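Dear colleague,

Please find below the structure that I am handing over to you, followed by an account of what was found in it.

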Amino acid sequence: VGVADGVGSWRGVGVDPRDYSQRIMACAQHVLDAAQTGNSEKMTSAASDELHDKPIRPLDVLMGAWEMVQREKVVGSCTACIVTLDHELNQLQMANVGDSGVVILRHKDAQLAGSVGMPNFLSSGGRSKDPASMSIAFLSQQQLRSFNFPYQLGFSGSEEEEEGLFETPMDANVTGYAVRPG
């Protein structure tokens with residue numbers, strides 16, 4: 001799963017804020033498709049090598065997508081979050097740049113979730129009528145340069161001005177969190 005939020009202030013200089021964010025997500029899909037089929041000719045060899053014979057890591061997907069968009073010289077910027085589920089480790093893994101992120105909610109009685117216990121929850125089709133029965137198990141951290149100025153991936157249109165202007169996927173907050181059935 002991925003989300004990218006385009007930076008609206010680009011509109012003031014005639015750039016559609018959707019362009020960069022939509023392109024990052026389209027390229028992320030391409031990276032995932034290439035990893036599944038073994039066809040990675042549009043990615044750099046480093047990004048391509050990381051994707052074969054391993055579970056797909058969110059940072060690899062984000063890096064591959066960002067490299068493709070940088071080569072295309074799409075002007076704009078966005079925050080981005082890529083999340084995968086590693087079935088071998090039973091982990092939700094994420095790579096997040098900026099103020100997008102992940103919240104994991106669990107029932108307060110989560111150790112009983114699934115096929116054991118919680119008859120009211122299970123008989124309701126998995127929907128608790130009491131929102132207070134949920135608690136935040138995990139909340140990803142925002143990355144901000146300052147108030148209302150999140151870390152962002154981007155390209156300004158001038159390669160000479162790029163140094164220090166935007167972050168790269170290597171600046172992402174990369175983490176994993178154990179998941180449970182239920």
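Strands β2 (residues 76–86) and β3 run antiparallel and are joined by 7 bridges. Strands here are DSSP runs of E with at least two residues, helices are DSSP runs of H or I with at least four residues, and both are numbered from the N terminus. Two strands are taken to pair if DSSP finds at least two bridges between them. Within this pairing, Asp-86 stands opposite Gln-91 in β3. The hairpin of β2 and β3 has 4 residues between the strands, and Asn-90 takes a positive phi near 50° there.

The model is a predicted one, in which local features need pLDDT of at least 70 and side-chain atom pairs count only at pLDDT 80 or more, while totals for chains, interfaces and linings use all residues. Residues are numbered from 1 along each chain as its sequence is written, and side-chain values use heavy atoms, with hydrogens and water left out.

Strand β3 (residues 91–97) also pairs with β9 (residues 173–178): the two run antiparallel and 6 bridges join them. In that pairing, Asn-173 of β9 is the bridge partner of Asn-96. Strand β3 is mostly covered, with 5 of its 7 residues buried. Buried means under 20% relative accessible area, exposed means over 50%, and partly exposed lies in between (1.4 Å probe, protein chains only).

As to the overall arrangement, the protein chain has 4 helices and 9 strands. Along the sequence they follow the pattern β-α-α-α-β-β-β-α-β-β-β-β-β. Of the 182 residues in the protein chain, 40% are buried. Among contacts (heavy atoms within 4.5 Å) between residues at least 6 apart in sequence, 68% join residues at least 24 apart. The protein chain exposes about 10,500 Å², of which carbon and sulfur atoms supply 52%; accessible areas come from the Shrake-Rupley method with a 1.4 Å probe, and for residues only the protein chains shown count as cover.

Helix α1 may interest you next. The buried residues of α1 are Pro-17, Tyr-20, Ser-21, Ile-24, Met-25, Cys-27, Ala-28, Val-31, Ala-34 and Ala-35. An α-helix has 3.6 residues a turn, so residues three or four places apart point the same way. Just after α1, Gly-38 takes a positive phi of about 80°.

Ser-21, which lies in α1, has a relative accessibility of 7% and therefore counts as buried. Leaving aside its neighbours within four places in sequence, Ser-21 is in contact with Ala-4, Asp-5, Gly-6 and Cys-78.

The structure holds 4 salt bridges, a salt bridge being a side-chain nitrogen of Lys or Arg within 4 Å of a carboxyl oxygen of Asp or Glu. Three of them are described here:

- Arg-23 and Glu-72 meet through their side chains at 2.7 Å, N to O. This pair links distant parts of the chain, with Arg-23 in helix α1 and Glu-72 in helix α3 (residues 58–72), 49 residues apart. Arg-23 is partly exposed at 29% relative accessibility, and Glu-72 is partly exposed at 37%.
- Arg-18 and Asp-16 form a salt bridge at 2.7 Å, N to O. Asp-16 is partly exposed, at 24% relative accessibility.
- Asp-60 and Arg-57 form a salt bridge at 2.8 Å, N to O. Asp-60 is buried at 7% relative accessibility, whereas Arg-57 is partly exposed at 38%.

How many disulfides are there? With a disulfide taken as a pair of cysteine sulfur atoms within 2.5 Å, the count comes to 0. As for individual cysteines, Cys-27 is buried with a relative accessible area of 1%, and Cys-81 is buried with 2%.

Finally, Gly-157 lies in the loop between β8 (153–155) and β9. At 47% relative accessibility, Gly-157 counts as partly exposed. Gly-157 and Val-75 are 82 residues apart in sequence, yet their C-alpha atoms are 5.5 Å apart in space.
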